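Dear colleague,

Please find below the structure that I am handing over to you, with its sequence. My notes on it follow directly after.

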Amino acid sequence: QVQLVESGGGLVQAGGSLRLSCTASGNIRSINVMSWYRQAPGQQRDVVATITSGGSTNYADSVKGRFTISRDNAKSTVYLQMNSLKPEDTAVYYCNAHITNWGSGAWNYWGQGTQVTVSS
């Protein structure tokens, strides 16, 4: 069993910053790609940023230049630094990790989600 626990969401004014964290624990042999997704009310869940185990990153066009994804492999943790936040960034943010378990293959796991609200 694997758990992803997120933290760092909250309410911030437009132009402000927040840092999200997500830590994986449990039956982990290796963590491959880690990602952040977000889902606004009535919208589909969309990818925001991804980072490979080697540190290669990719971002949605809407957050390029404002958000930075990083990871600490020793801590099994992925971060999302969000700067210059806009009201349209308001959503529930979800951590996702592709994890190879000991003895049971590789699976995709999701965190519980953390609310980010940006006021205008």
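**Salt bridges and their surroundings**

R38 is buried, and so is D89, where buried means under 20% relative accessible area, exposed means over 50%, and partly exposed lies in between (1.4 Å probe, protein chains only). Please note that this is a predicted model, in which local features need pLDDT of at least 70 and side-chain atom pairs count only at pLDDT 80 or more, while totals for chains, interfaces and linings use all residues. Residues are numbered from 1 along each chain as its sequence is written, and side-chain values use heavy atoms, with hydrogens and water left out.

The side chains of R38 and D89 form a salt bridge at 2.9 Å, N to O; the term stands for a side-chain nitrogen of Lys or Arg within 4 Å of a carboxyl oxygen of Asp or Glu. R38 belongs to strand β4 (residues 30-39) and D89 to the loop between β8 (77-82) and β9, so the pair ties together parts that are 51 residues apart in sequence. Strands are DSSP runs (E, at least two residues), numbered from the N terminus.

D89 also meets R66 in a salt bridge, at 2.7 Å from N to O. This pair links distant parts of the chain, with D89 in the loop between β8 and β9 and R66 in the loop between β6 (57-59) and β7 (67-72), 23 residues apart. Both D89 and R66 are buried. Through shared partners, salt bridges join R38, R66 and D89 into one network.

How accessible is D89 itself? Its relative accessibility is 0%, and D89 therefore counts as buried. Leaving out residues up to four places away in sequence, D89 touches R38, R66, F67, S84, V116 and V118, a contact being heavy atoms within 4.5 Å.

The count of salt bridges comes to three. One of them is formed by K64 and D61, with the closest N and O atoms 3.1 Å apart. K64 counts as partly exposed because its relative accessibility is 48%, and D61 counts as exposed at 65%.

**The disulfide**

The structure holds one disulfide, defined as a pair of cysteine sulfur atoms within 2.5 Å. The partners are C22 and C95, whose sulfur atoms are 2.1 Å apart. C22 lies in strand β3 (residues 18-26) and C95 in strand β9 (residues 91-100), so the bond ties together parts that are 73 residues apart in sequence. The link of C22 and C95 is left-handed, with -75° about the S-S bond. Both C22 and C95 are buried.

**The nonpolar core**

Which residues have the most contacts inside the largest nonpolar core? They are W36, L80, M82, Y93 and I99, in a core of 30 residues. Such a core is a set of buried Ala, Val, Leu, Ile, Met, Phe, Trp, Tyr and Cys residues joined through side-chain atoms within 4.5 Å. At least two residues of this core come from each of β1, β3, β4, β5 (46-51), β7, β8, β9 and β11. Strand β9 gives the most, with five residues.

With neighbours within four places in sequence left aside, L80 is in contact with L18, R19, L20, W36, V48, A49, F67, T68, I69 and Y93.

Q115 lies in strand β11 (residues 114-119) and is partly exposed, with a relative accessible area of 40%. Residues up to four places away in sequence aside, Q115 touches G9, G10, T90, A91 and V92. The side chain of Q115 reaches the backbone oxygen of A91 at 3.4 Å. That side chain also makes a polar contact of 3.3 Å with the side chain of T117; a polar contact is a pair of N or O atoms within 3.5 Å, where within protein one must be able to donate a hydrogen and the other to accept it, and residues adjacent in sequence count only if both atoms are side-chain atoms. Q115 and R38 are 77 residues apart in sequence and 9.3 Å apart in space, C-alpha to C-alpha.

S7 is placed in strand β1 (residues 2-7) and counts as partly exposed at 40% relative accessibility. S7 touches R19, L20 and S21, with residues up to four places away in sequence not counted. From S7 to R66 the separation is 59 residues in sequence and 19 Å in space, C-alpha to C-alpha.

With kind regards

Conventions
Helices (H or I, at least four residues) and strands (E, at least two) are DSSP runs, numbered from the N terminus.
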